[in-house]
Amino acid sequence: MDFINKFPLEDSQKKYLKELEGRIKNVMSDSLYCHSINTLEYAGLIAEKILPDFPGLDFFSLGIACLLHDYGKIFSYSELVKIVEENNLKVSSLELKMPQLLHSFVGDYLVLRDFNITETKILRAIKYHTIGYCDMSMEDRILFIADKVEKSRNYEGVEYLRALSLENINLCLLELYKNNIIYIIKGNNLMHPDTVRVWNNICGGI
Ligand SMILES: [Fe+2]
């Protein structure tokens with residue numbers, strides 16, 4: 001993870017991110033570990049581009065969220081359901097029926113429990129990296145996008161989205177969201193009510 005040396009971080013922050021990298025390497029599959037590192041690397045590329053316009057960007061929190069955003073995926077669907085039930089987590093009955101998204105709805109709880117991370121903005125970025133929320137912070141937009149266009153992602157149109165992510169972050173968010181809604185409908189999948197809210201928000205309706 002040598003690429004973090006060029007990030008605008010203090011040495012202690014780089015050391016912490018490297019420690020986190022070691023911890024996730026021990027518990028994640030190779031592919032999930034690589035995806036997490038790639039997400040951080042891509043977030044760095046986007047951050048570098050927009051830093052002149054957003055000098056207050058909290059790259060350290062973003063970096064932690066990138067490394068841990070999919071930590072919930074080390075647990076099986078049934079394990080996640082059990083964690084929700086045993087800990088009385090606020091997950092709706094509809095969300096419980098969304099196996100592909102449940103890792104994010106439970107992700108904030110797991111990262112707090114297993115990594116003792118309490119910072120609200122990191123927990124929020126992790127919880128919402130799948131469906132987003134209205135008026136997302138810039139850090140959360142970057143994670144949302146980097147997760148879906150990092151270098152190992154390979155689907156039709158990804159090159160266009162990658163280029164867009166470095167040129168116009170809001171347009172990229174709109175295009176990613178559009179793809180997601182089309183994917184949900186084509187697959188006859190459940191649609192989270194927040195997906196509609198966020199879409200209307202991105203389009204300037206609310
Ligand atoms: Fe991810």
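Colleague: Which helix gives the most to the lining of the largest pocket?

Modeller: Helix 8 (138-149) and helix 10 (169-186) each supply at least two residues of that lining; a helix is a DSSP run of H or I with at least four residues, numbered from the N terminus. This is a predicted model, in which local features need pLDDT of at least 70, side-chain atom pairs count only at pLDDT 80 or more, and totals for chains, interfaces and linings use all residues. Residues are numbered from 1 along each chain as its sequence is written, and side-chain values use heavy atoms, without hydrogens and water. The most, 5 residues, comes from helix 10.

Colleague: How much space lies in the largest pocket?

Modeller: A pocket is an open set of points on a 1 Å grid over the protein atoms alone, with protein on both sides within 12 Å along at least five of seven lines, and its lining residues have an atom within 4 Å of a point. The volume is the space filled by probe spheres set on the points, which are joined across faces, edges and corners. For the largest pocket this comes to about 840 Å³.

Colleague: Which residues lie nearest the centre of the largest pocket?

Modeller: The lining has 11 nonpolar, 9 polar and 5 charged residues. Here Asp, Glu, Lys and Arg count as charged, Ala, Val, Leu, Ile, Met, Phe, Trp, Tyr, Cys and Pro as nonpolar, and the others as polar. Out of 25 lining residues, those nearest the centre are Gln100, Leu101, Lys148, Asn180 and Tyr183.

Colleague: What volume has the largest cavity?

Modeller: A cavity is a set of grid points where a 1.4 Å probe fits but cannot get out. The count comes to 1 cavity of 30 Å³ or more. Its lining is made of Ala125, Tyr128, His129, Met136, Asp140, Leu143 and Phe144, with helix 8 giving the largest share, 3 residues. The space in the largest cavity is about 30 Å³.

Colleague: Is Cys172 buried or exposed?

Modeller: Cys172 is found in helix 10. Leaving out residues up to four places away in sequence, Cys172 touches Ile145, Leu161, Leu164 and Ser165, where contact means heavy atoms within 4.5 Å. Buried means under 20% relative accessible area, exposed over 50%, and partly exposed in between, with a 1.4 Å probe and protein chains only. Cys172 has a relative accessible area of 0%, so Cys172 is buried.

Colleague: Which residue has a side chain joined to that of His35 by a polar contact of 2.8 Å?

Modeller: His35 is in helix 2 and is buried, with a relative accessible area of 9%. A polar contact is a pair of N or O atoms within 3.5 Å; within protein, one must be able to donate a hydrogen and the other to accept it, and residues adjacent in sequence count only if both atoms are side-chain atoms. The contact of 2.8 Å joins His35 to the side chain of Asp147.

Colleague: Which helices do the buried residues of helix 7 pack against?

Modeller: Helix 7 covers residues 120-127, and its buried residues are Ile122, Leu123, Ala125, Ile126 and Lys127. They pack against helix 3 (59-68), helix 6 (102-115) and helix 8.

Colleague: How far apart are the C-alpha atoms of Asn87 and Tyr109?

Modeller: Asn87 lies in the loop between helix 4 and helix 5 and is partly exposed, at 33% relative accessibility. A polar contact of 2.9 Å joins the side chains of Asn87 and Tyr109. The two residues are 22 residues apart along the chain, and their C-alpha atoms are separated by 9.4 Å.

Colleague: What is the phi of Asn88?

Modeller: Asn88 is in the loop between helix 4 (77-86) and helix 5 (93-96). At 68% relative accessibility, Asn88 is exposed. Asn88 is not a glycine, yet its phi is positive, at about 55°.
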